[in-house]
Amino acid sequence: MIRILLLAATVTLAPQSSEHARQRAEWNRPQAPFRIAGNLYYVGTSELAAYLVTDPKGHVLIDGALAESAPQIERNVAALGFRMRDVRRLLINHAHWDHADGLAALKAASGAPLWASAADQRTLETGRATDRSDMTPFAPVKVDHVLKDGEVVAVGATRITTLATPGHTPGCTSFRLTVRDPKIGRGRPLDVLLACSLTVAGQPLVGNRRYPTAAADFRRSLDRLAPLRPDIFVNFHASGFDLAEKRARQVKGNAGAFVDRGEWPRRQVVMRRAFETEFARQRAGGKP
Ligand SMILES: [Zn+2]
């Protein structure tokens, strides 16, 4: 809850404020890249996720973090022995500055097309949120293909399925894929959920003419994700799935440090409670 409140306080800061600059620098601290499991790698910063899903036929890079994160992400991809030029698709979980700002630079470095949801397209292409007036602008980036709900992004034998989970933004998109890792459960298939943000984070939920269905969308997305039991749950803020703690256990020799079928069921209960609390507060006249 404290983390959600902190996030709410930070995302609404004016871009030129020193607090915003401090937040960016804090979230951009480097993180050594590593394999989560199978062909799923973490190539983001210490707080802002970026995922590389590799395939002999080419890779998929999910999320761009900040513009100033892009060189770090490029170095991370190279450090793992992969090439940016082999990235075949760029994906994005949602069109906010802390996830989308780096996409333009990563697109230039890779030459890969950006595939994104229709409902976030305008925000991505203008760098300004369509659904609220207080968001920090970011580097605009062209969407080359509009992803439909349930569409499968295929590169070689790799399949990533999109799942529309609007609420945090109108086009918030989660992804699912299956990985296999010989060091985990003798290579049994592992279901991975890469969840779009489901925090309210200062968003107006009541009477927002820019996004009137926000609250209903949140509830529907939580309902949709609730029955999933992924072996591996990750999202796009490292602190949102305890990356540092899990990585420390992995370094110590626990190959399955990121595998926990109980994690998502536990987290979604907390997220739903946080949403309903915030929605009730705003309905009672509380400011977003
Ligand atoms: Zn966001």
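Leu 40 stands opposite Val 53 in S3. That pair belongs to strand S2, residues 40–42, and strand S3, residues 51–53, which run antiparallel and share 3 bridges. Strands here are DSSP runs of E with at least two residues, helices are runs of H or I with at least four residues, and both are numbered from the N terminus. Two strands count as paired if DSSP finds at least two bridges between them.

Before going on, the model is predicted: local features need pLDDT of at least 70, side-chain atom pairs count only at pLDDT 80 or more, and totals for chains, interfaces and linings use all residues. Residues are numbered from 1 along each chain as its sequence is written.

Now the sheet. S2 and S3 are part of an open sheet of 7 strands, in the order S1-S2-S3-S4-S5-S6-S7, with mixed pairing. Strand S1 (34–37) and strand S7 (145–147) are at the edges with a single partner strand each, so one side of each has no neighbour in the sheet. From one strand to the next the twist averages 30°; axes are lines fitted to C-alpha atoms, for helices over the stretch in contact, and angles run from 0 to 180 degrees between N-to-C directions.

Within that order, look at S5, residues 87–91. How many of its residues are buried? 5 of the 5 are, so S5 is largely enclosed by the rest of the structure. Buried means 20 or more other C-beta atoms within 10 Å of the residue's own, exposed means 12 or fewer, and partly exposed is in between, with C-beta atoms placed from the backbone.

S5 pairs in the parallel sense with strand S4, residues 59–62, over 4 bridges, and Val 87 is the bridge partner of His 59. Between S4 and S5 the chain passes through helix H3, residues 70–79, in a right-handed β-α-β crossover. Right-handed means that, with the strands pointing away from the viewer, the path from the first strand over the helix to the second runs clockwise. With strand S6, residues 114–117, S5 is again parallel, over 2 bridges, and there Leu 90 is opposite Leu 114.

Two helices lie across these strands. Helix H5, residues 103–110, lies across S4, S5 and S6, at about 170° to S5. Helix H6, residues 118–126, lies across S6 and S7, at about 120° to S6.

Next, strand S12, residues 232–235. In a regular strand the side chains alternate between the two faces of the sheet. In S12 both faces are covered: Ile 232 and Val 234 on one side, Phe 233 and Asn 235 on the other, all buried. S12 runs parallel to strand S11, residues 190–195, with 4 bridges, one partner pair being Ala 195 and Asn 235.

Leu 193 lies in S11 and is buried, because it has 20 C-beta neighbours inside 10 Å. Apart from residues up to four places away in sequence, its contacts are Ser 174, Arg 176, Leu 228, Pro 230, Phe 233 and Trp 264; a contact means C-beta atoms, placed from the backbone, within 7 Å.

Thr 161 is in strand S9, residues 158–164. Beyond four places in sequence, Thr 161 contacts Gly 150, Val 152, Phe 175, Arg 176 and Leu 177.
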